[in-house]
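The sequence and structure come first.

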Amino acid sequence: MGEAIVITSGKGGVGKTTAVANIGVGLALKGYNVALVDTDIGLRNLDLLLGLENRVVYNIVDVAEKRCQLRQALIKDKRLSNLYLLPAAQTREKDAVTREQIKEIINILKSLFDFVLIDSPAGIEQGFKNAIAGADSSIVITTPEVAAVRDADRVIGLLEANGFRDPLLIINRVRPEMIKRGDMLSVEDVLEILSIKLLGIVPEDEGIIISVNKGEPIIFNGNQSKAGTAFTLIVKSLLGEKVDWNSLFAESSLMERLRKFFNI
Amino acid sequence: MSIFDWGGKHKSTRELAKERLQLVLVYDRAHLDPGIVDSLKEDLVNTISKYPNFDIKNLYIDFSQKDDQVVLRIDIPIKI
């Protein structure tokens, strides 16, 4: 039986879908069978981030309403044969599915895959409640900004009220130079305020936009980008390995940079 | 940063953000609106001012976080 993990944030635009795509690819690269489920009905995006938008035939609402089999709606990734996407419906409303229907779908997926990652919509209404319905554990994602942290706190409260014992935190779009300048909440600040366990940190990286343009999650580039490295570390952290987050921000010495430049 | 901030004890926006968050989350977690403190204070003043023993001018009222609980603290000095 696999594990179903919901990724949620409260606030929109903090990187839920990017995290789901990259962690999903990362787990698949490690050899696990992974299903990604987009529950953001009406605002489907996970297909775009994975470059699978042209392959969508059926969606989660079709499965819920039994218009197709679950396996017919699952889209196999172009690059990895052990990664699948169950897309959201684009032209339906959030209440097109019920919690029970989602729970049933997630349960079947758990019997077929090692990991089921659930991308939740922004907000704390019905869509959020649906997204968490079938999950065993949860990841909360935020950025070091007051509005995002406040919303994350609200979501953590709701997750705990719904029986999720230890939500894990990803802090996205961290800018070390702004923290040093005293113009951004630090990782420690956010952890102190929210008092939950850290899963990982992702530095701000232009490469994310480029990877979304191409429909290719940045983790495919391995350690060539900061965000790619960060997501690789997050996958390790999720699998229980100890990760040294300071290494992500360590300024490399001039010698190291020269060596890297000349490839020696 | 202006020239007047040089060497001063000016708070960084990071500290400002942290303090504002910590304060607003106390209310959020207690499902209270910050305005309730003012309204509660007004009611308390109205009630307590009926009794001359209390120093109503120095009434102190505040919500704070204590472990998992949000605590309402009211201090009313007694006149001697």
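Val37(A) has Ile118(A) as its bridge partner in S5(A). Strands and helices here are DSSP runs, numbered from the N terminus, with at least two residues (E) for a strand and at least four (H or I) for a helix. S2(A) and S5(A) pair in the parallel sense over 5 bridges; two strands count as paired if DSSP finds at least two bridges between them. S1(A) also pairs with S5(A) in the parallel sense, again over 5 bridges, and Ile5(A) stands opposite Leu117(A) there.

How many of the 5 residues of S5(A) are buried? The count is 5 of the 5, so S5(A) is largely enclosed by the rest of the structure. Buried means that 20 or more other C-beta atoms, placed from the backbone, lie within 10 Å of the residue's own; 12 or fewer means exposed, and values in between mean partly exposed. On one side of S5(A) the buried residues are Phe115(A), Leu117(A) and Asp119(A), and on the other Val116(A) and Ile118(A).

**Model and numbering**

The model is predicted: local features need pLDDT of at least 70 and side-chain atom pairs count only at pLDDT 80 or more, while totals for chains, interfaces and linings use all residues. Residues are numbered from 1 along each chain as its sequence is written, and chains are lettered from A and ligands numbered from 1 in the order in which they are written.

**The sheet of chain A**

The open sheet of chain A has 8 strands in the order S3-S4-S2-S5-S1-S6-S7-S8, with mixed pairing. S3 (75-76) and S8 (197-203) of chain A are at the edges with a single partner strand each, so one side of each is left without a neighbour in the sheet. S2 (residues 34-38) and S4 (residues 83-86) of chain A run parallel and are joined by 4 bridges; Leu36(A) stands opposite Leu85(A) in S4(A).

Helix H5 (residues 99-112) of chain A packs on the sheet and touches S1 (3-8), S2 and S5 (115-119). The direction of H5 makes about 145° with that of S5(A). Such angles run from 0 to 180 degrees between the N-to-C directions of lines fitted to C-alpha atoms, for helices over the stretch in contact.

**Contact with chain B**

In all, 13 residues of chain A are in contact with 12 residues of chain B, contact meaning C-beta atoms, placed from the backbone, within 7 Å. H7(A) gives the most to the chain A side, with 6 residues.

Terms used
Contact = placed C-beta atoms within 7 Å.
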